[in-house]
Amino acid sequence: MRIVVKVGTSTLAHPTGHINIRHMELLCKVLSDLANAGNEVILVSSGAIGMGVGKLSLLKKPQDIPTKQAAAAVGQCELMYTYDKHFGEYNRTVAQILLTGDVVHNPEQLENFRATMYRLLELRVIPIINENDSVSTAEFGIGDNDTLAAIVAQTIGADLLVLMSDIDGLYTADPRKDPDARLISCVEALTPEIMALGGNAGSSLGTGGMATKLHAAQLCTQAGCDMRIVNGADPTVLYAIMDGKDVGTLFMGGKKA
């Protein structure tokens, strides 16, 4: 099975921006185990700016573009160092790929990306993908890693995309505000009513929200790829998904998850 797993800043880092060591160690262990079982695993990882905030001892996520990009440049080093260390403990080799919007929208460059990904998977490498936040601009940026993960899944013909977030899935209303909100376990069609459930706010260090996840679901399901939104607080939830258990919200794309 070819699986793309996207983790957000809230899963990887504490609100301070410093690495959540326990979560990252367990995530790398579970993904290595899934790869050992014969699955092709691709990780789309946020966290560069958030970790840069912690590394630079900034009090909060910067608002100006130069400081954001400086934080991303510092944080990306920290992010990949940590991944390489933890995956290496399970004899797994990782590769870093940083994308920008111009690559995604240029057919020749996108084909080069696809060919590189296929070869990395053949070599049993776990690719770790992020947007190149240190050089991306509003004009050429992808904008959020939910969309990036969906583009990756679409481009390489993945069977499943898992978005690991700080919420259990898609609800009938915002569960932080409405005690009667119910988790929607399966979405067979992205109707206007479903799309209207998207919000705009993400975590203080991240850029996503439910709206970006629903947009990712559109891209995935149109390509025949299933997608799940799950809570990333416990990375072992990935085992439950692979065992066919009903966790989070499943968006059906036509392939068997």
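Predicted model: local features only at pLDDT ≥ 70, side-chain atom pairs only at ≥ 80, totals over all residues.
Student: Which residues of H7 and H9 meet?

Tutor: On the H7 side you have Asp146, Thr147, Ala150, Ile151, Ala153 and Gln154, and they meet Thr212, Lys213, His215, Ala216, Leu219 and Cys220 of H9. Sorted by class, that contact has six nonpolar, four polar and two charged residues.

Student: Asp146 is in H7. What makes Asp146 count as buried or exposed?

Tutor: Its relative accessibility is 1%. Buried means under 20%, so Asp146 counts as buried.

Student: What does the side chain of Asp146 make polar contacts with?

Tutor: One partner is the side chain of Lys6, at 3.0 Å. Another is the side chain of Thr212, at 2.5 Å. The cut-off for a polar contact is 3.5 Å between N or O atoms, and Thr212 is also among the H9 residues that meet H7.

Student: On to H3 and H4. Why is H3 called roughly perpendicular to H4?

Tutor: H3 and H4 pack at an angle of about 95°, their axes 6 Å apart. The range for roughly perpendicular is 65 to 115 degrees, so that is what H3 is to H4.

Student: What makes the contact between H3 and H4?

Tutor: From H3 it's Ala48, Ile49, Met51, Gly52, Val53 and Lys55; the H4 residues include Lys68, Ala71, Val74 and Leu79. By class, there are eight nonpolar, three polar and three charged residues in this contact.

Student: How do you know that H3 is mostly covered?

Tutor: Count the buried residues: in H3 (residues 48-55), seven of the eight are buried. They are Ala48, Ile49, Gly50, Met51, Gly52, Val53 and Gly54. What covers them includes helices H1 (9-12), H2 (21-36) and H4 (65-88), plus strand E4 (126-131).

Student: Which residue with a positive phi follows H3?

Tutor: Ser57, with phi near 60°.

Student: Now the inside. What makes Val7 count as buried or exposed?

Tutor: Val7, found in strand E1 (residues 2-7), has 0% relative accessibility.

Student: What does Val7 touch, not counting residues up to four places away in sequence?

Tutor: Leu12, Leu27, Leu43, Val44, Ser45, Ser46, Tyr83 and Met164.

Student: How many residues does the largest nonpolar core have, and which have the most contacts inside it?

Tutor: That core has 43 residues, and those with the most contacts inside it are Val4, Ile129, Val152, Leu161 and Met227. Elements giving two or more residues include strand E2 (40-45), helix H6 (107-122), H7 and H9. H7 gives the most, with seven residues.

Student: What is Ile129 in contact with, leaving aside its neighbours within four places in sequence?

Tutor: Ile42, Leu43, Val44, Ser45, Ile97, Leu99, Phe113, Met117, Leu148 and Val152. There's also a second, separate core of 31 residues, which includes Val30, Met80, Val94 and Val237.

Technical notes: Residues numbered from 1 in each chain as written. Heavy atoms only, no water. Contact = heavy atoms within 4.5 Å. Helix = DSSP H or I, 4+ residues; strand = E, 2+ residues; numbered from the N terminus. Nonpolar A, V, L, I, M, F, W, Y, C, P; charged D, E, K, R; others polar. Buried < 20%, exposed > 50% of the residue type's maximum accessible area, 1.4 Å probe, protein only. Core = buried A, V, L, I, M, F, W, Y, C linked by side-chain atoms within 4.5 Å. Polar contact = N/O pair within 3.5 Å; in protein donor to acceptor, adjacent residues only side chain to side chain. Axes fitted to C-alpha atoms, helices over the stretch in contact; angles between N-to-C directions. Parallel < 35°, antiparallel > 145°, perpendicular 65-115°, else oblique.
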